[in-house]
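Please read the report below alongside the sequence and the model.

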Amino acid sequence: MPELLIDFITSLDGYGAAEGWHGWWGLEGPEYLAWLGAQPEAGYTMLMGANTYRLMSGLAGDGEPGTDALAGLSKIVFSTTLEAPLSWPNTRLVDRDAVEAVRELKESDAAPMRTIGSLTLCRSLLNAGLVDRFRVVVFPVITGASGRERIYDGYPDVSLEMISSETFDGRLQLVEYRPTVLDGPPVRS
């Protein structure tokens, strides 16, 4: 069964972006950009919603560092508001329920999949029990006043078993987990 990886970048306080800050909070460094450039999941199909598609395809079109490698990757956009054909190369539009479509992909011989951004899509896929690996790159900033797009609002309770970690440029922390959606807080025995 193909793997599904949720992949986020976040400030320490759990925001996916912050008003007035540059991409990656201006803290992307050579080790992190080299890791991105090495395309650790190059064979994965990238999953995203319409808002992330608009943002990322725009950044790629503007030549944002680290986005050039995304053009050659296979991408699926779940949206009922966008219309085919999409302008970003190697991008397919799916205009039906994302959870059902991903469930069907996982039951087929599809390539492994990973998300990019798309907070609502990720929350739905996690709630449906379809996520195999959860990766977060934490940037060393707190954006309490300017932060936007709180990542974990509306999430269920989730137990995370750490499977790996790595530090980039002496300040960015990558952590990977195996998630288990819980019915509520665990009971101590």
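Tryptophan 24 counts as buried, at 13% relative accessibility, where buried means under 20% relative accessible area, exposed means over 50%, and partly exposed lies in between (1.4 Å probe, protein chains only). Tryptophan 24 lies in the loop between β2 (15-18) and α1 (30-37), and it has a positive phi of about 55 degrees although it is not a glycine. Helices (H or I, at least four residues) and strands (E, at least two) are DSSP runs, numbered from the N terminus. The model is predicted, so local features need pLDDT of at least 70 and side-chain atom pairs count only at pLDDT 80 or more, while totals for chains, interfaces and linings use all residues. Residues are numbered from 1 along each chain as its sequence is written, and side-chain values use heavy atoms, with hydrogens and water left out.

Aspartate 169, in the loop between β9 and β10, also has a positive phi, near 55 degrees, in a residue other than glycine; at 18% relative accessibility, aspartate 169 counts as buried. In the loop between β4 and β5 sits proline 85, which is joined to alanine 84 by a cis peptide bond with an omega of about 0 degrees. As background, most residues other than glycine have a negative phi, and most peptide bonds are trans.

## Overall fold

The chain contains four helices and 10 strands, and along the sequence they follow the pattern β-β-α-β-α-β-β-α-β-α-β-β-β-β. The radius of gyration is 16 Å, close to the 16 Å that the globule rule gives for 189 residues, so the chain is as compact as a globular protein of that length; the radius is taken over C-alpha atoms, and the rule is 2.2 Å times the number of residues to the power 0.38. Taken along the principal axes, the C-alpha atoms fill a box of roughly 50 × 35 × 30 Å.

Of the 189 residues in the chain, 43% are buried. Among contacts (heavy atoms within 4.5 Å) between residues at least 6 apart in sequence, 73% join residues at least 24 apart.

## The nonpolar core

A nonpolar core is a set of buried Ala, Val, Leu, Ile, Met, Phe, Trp, Tyr and Cys residues joined through side-chain atoms within 4.5 Å. The largest one here has 26 residues, and those with the most contacts inside it are Leu4, Phe8, Leu47, Phe78, Val102 and Leu125. Two or more residues each come from β1 (4-11), β4 (75-78), α3 (98-107), α4, β7 (133-139) and β10. Leucine 47 touches, among others, Leu4, Phe78, Val102 and Leu125, not counting residues up to four places away in sequence.

Serine 11, found in strand β1, is buried with a relative accessible area of 1%. With residues up to four places away in sequence left out, serine 11 touches Trp25, Val138, Phe139, Val141 and Thr143.

In α3, the buried residues are Ala98, Val99, Ala101, Val102, Leu105 and Lys106. Seen down the axis of α3, they fall within an arc of 165 degrees, so they line one face of the helix; the arc is that of the directions from the helix axis to the C-beta atoms. These buried residues pack against β1, β3 (45-49), β4, β5 (91-94), β6 (113-115) and α4.

In helix α4 (residues 119-127), Leu119, Leu121, Cys122, Leu125 and Leu126 are buried. They cover an arc of only 160 degrees around the axis, which puts them on the same side of α4. After α4 comes glycine 129, whose phi is positive, near 75 degrees.

## Charged pairs

The structure holds 13 salt bridges, each being a side-chain nitrogen of Lys or Arg within 4 Å of a carboxyl oxygen of Asp or Glu. One of them pairs arginine 96 with glutamate 104 (2.6 Å, N to O); arginine 96 is partly exposed at 42% relative accessibility, and glutamate 104 is partly exposed with a relative accessible area of 42%.

Arginine 178 forms a salt bridge with glutamate 161, the closest N and O atoms being 3.4 Å apart. This pair links distant parts of the chain, with arginine 178 in strand β10 (residues 172-181) and glutamate 161 in strand β9 (residues 158-168), 17 residues apart. A network of salt bridges links Glu3, Asp7, Glu41, Arg114, Arg133, Arg135 and Glu176.
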